[in-house]
Amino acid sequence: MSYKVGYFVGSLSSTSINRVLAKALIGVAPDELEFTEIPIRDLQLYSQDYDESYPPEAVALKHAIEESDAVLFVTPEYNRSIPGALKNAIDWASRPWGQNSFDHIPAAVIGASVGSIGTAVAQQSLRGVLSFCNARQMTAPEAYIQFDPEVFGEDGTVNKPETEEFLRNYMAEFRDHIQRVLTVLPRP
Ligand code: FNR
């Protein structure tokens, strides 16, 4: 059984370490997982004024999530929370009221920082948001990555066996989590 994973990179930076981490995660993921990025860059700032008629970028966002079996968030920490661009995307996807695209979707969060806290605080913040959005989050293992350019190659290679094994296990656990959730809550 294969699963479609839509992944979010919370950073808009052209040199994003979280985009590098996303590549590394895809590289070590089990064969059953197929990945498609869900872009957030071109979304306007959300307002309820759009609820009557969503712009095409927001329609595409909701469609991409609804087409996915699961979502993966790979995000930086900004000021001890998640970047505004990611929160904005989640706000779009959660609305209009009654049409929350995250309802019951299997989800996982991970992130990389230059600091030793490894996005732990941002991930807690994101977990609160996803909890309200009724996503089915993988709660363990957690993964707080302090980014080391010696370890992570731009092309997604991981040059440290312990780190590669850790990420491989994280993605295998995510596959198992998706399987478990979809057994009870099949996607519509
Ligand atoms: C940061 N950074 C940061 N790091 C951290 O560990 N905790 C934090 O709260 C913040 N806050 C923060 C705010 C803003 C506005 C910026 C631009 C940066 C540093 C951050 O970890 C670093 O810039 C990463 O490289 C960001 O990830 P991407 O964009 O490279 O994926």
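Predicted model: local features only at pLDDT ≥ 70, side-chain atom pairs only at ≥ 80, totals over all residues.
User: How are the axes of helix H2 and helix H3 placed, roughly parallel or roughly perpendicular?
Analyst: Two packed helices are described by the angle between their axes and the distance between the axes. For H2, which covers residues 56–67, and H3, which covers residues 84–94, the axes come within 9 Å and cross at roughly 80°. Since angles of 65 to 115 degrees count as roughly perpendicular, H2 and H3 are therefore roughly perpendicular.

User: How many nonpolar, polar and charged residues make up the contact of H2 with H3?
Analyst: On the side of H2, the residues that meet the other helix are Ala58, Leu61, Lys62 and Ile65, while H3 contributes Ala89, Trp92 and Ala93. Sorted by kind, the residues of this contact divide into six nonpolar, no polar and one charged.

User: What covers the buried residues of H3?
Analyst: The buried residues in H3 are Leu86, Ala89, Ile90, Trp92, Ala93 and Ser94. Among these, Ala89, Trp92 and Ala93 also take part in the contact with H2. The cover over the buried residues of H3 includes S1, H2 and H4.

User: Which residues of H1 and H5 make the contact between these two helices?
Analyst: The axes of H1 and H5 come within 9 Å and cross at roughly 70°, which makes H1 roughly perpendicular to H5. The residues of the contact divide into five nonpolar, no polar and two charged. By name, H1 gives Ala24, Leu25 and Val28, and H5 gives Glu164, Leu167, Arg168 and Met171.

User: Which residues touch the most other members of the largest nonpolar core?
Analyst: The largest nonpolar core holds 50 residues, and the elements that give two or more residues to this core are strand S1 (3–9), helix H1 (17–28), H2, strand S3 (70–74), H3, strand S4 (106–113), H4 and helix H5 (161–184). Within this core, the residues that touch the most other members are Phe8, Leu21, Val71, Leu72 and Val74.

User: What is leucine 21 in contact with, leaving aside its neighbours within four places in sequence?
Analyst: Leucine 21 is one of the residues that touch the most other members of the largest nonpolar core. Once its neighbours within four places in sequence are left aside, leucine 21 is in contact with Val74, Ala112, Ile145 and Phe152.

User: How far apart in space are alanine 107 and alanine 70, C-alpha to C-alpha?
Analyst: Alanine 107 is found in strand S4, and with 27 C-beta neighbours inside 10 Å it counts as buried. Leaving aside neighbours within four places in sequence, its contacts are Ala70, Val71, Phe73, Leu130, Ala135, Arg136 and Gln137. Although alanine 107 and alanine 70 are 37 residues apart in sequence, their C-alpha to C-alpha distance in space is 5.7 Å.

User: Is arginine 80, with its positive phi, buried or exposed?
Analyst: Most residues other than glycine have a negative phi. Arginine 80, in the loop between S3 and H3, has a positive phi near 65°, and asparagine 79, in the loop between S3 and H3, has a positive phi near 50°. With 12 C-beta neighbours inside 10 Å, where 12 or fewer is the cut-off, arginine 80 counts as exposed.

Notes. Residues numbered from 1 in each chain as written. Axes fitted to C-alpha atoms, helices over the stretch in contact; angles between N-to-C directions. Helix = DSSP H or I, 4+ residues; strand = E, 2+ residues; numbered from the N terminus. Parallel < 35°, antiparallel > 145°, perpendicular 65-115°, else oblique. Contact = placed C-beta atoms within 7 Å. Nonpolar A, V, L, I, M, F, W, Y, C, P; charged D, E, K, R; others polar. Core = buried A, V, L, I, M, F, W, Y, C linked by C-beta atoms within 7 Å. Buried ≥ 20, exposed ≤ 12 C-beta atoms within 10 Å, placed from the backbone.
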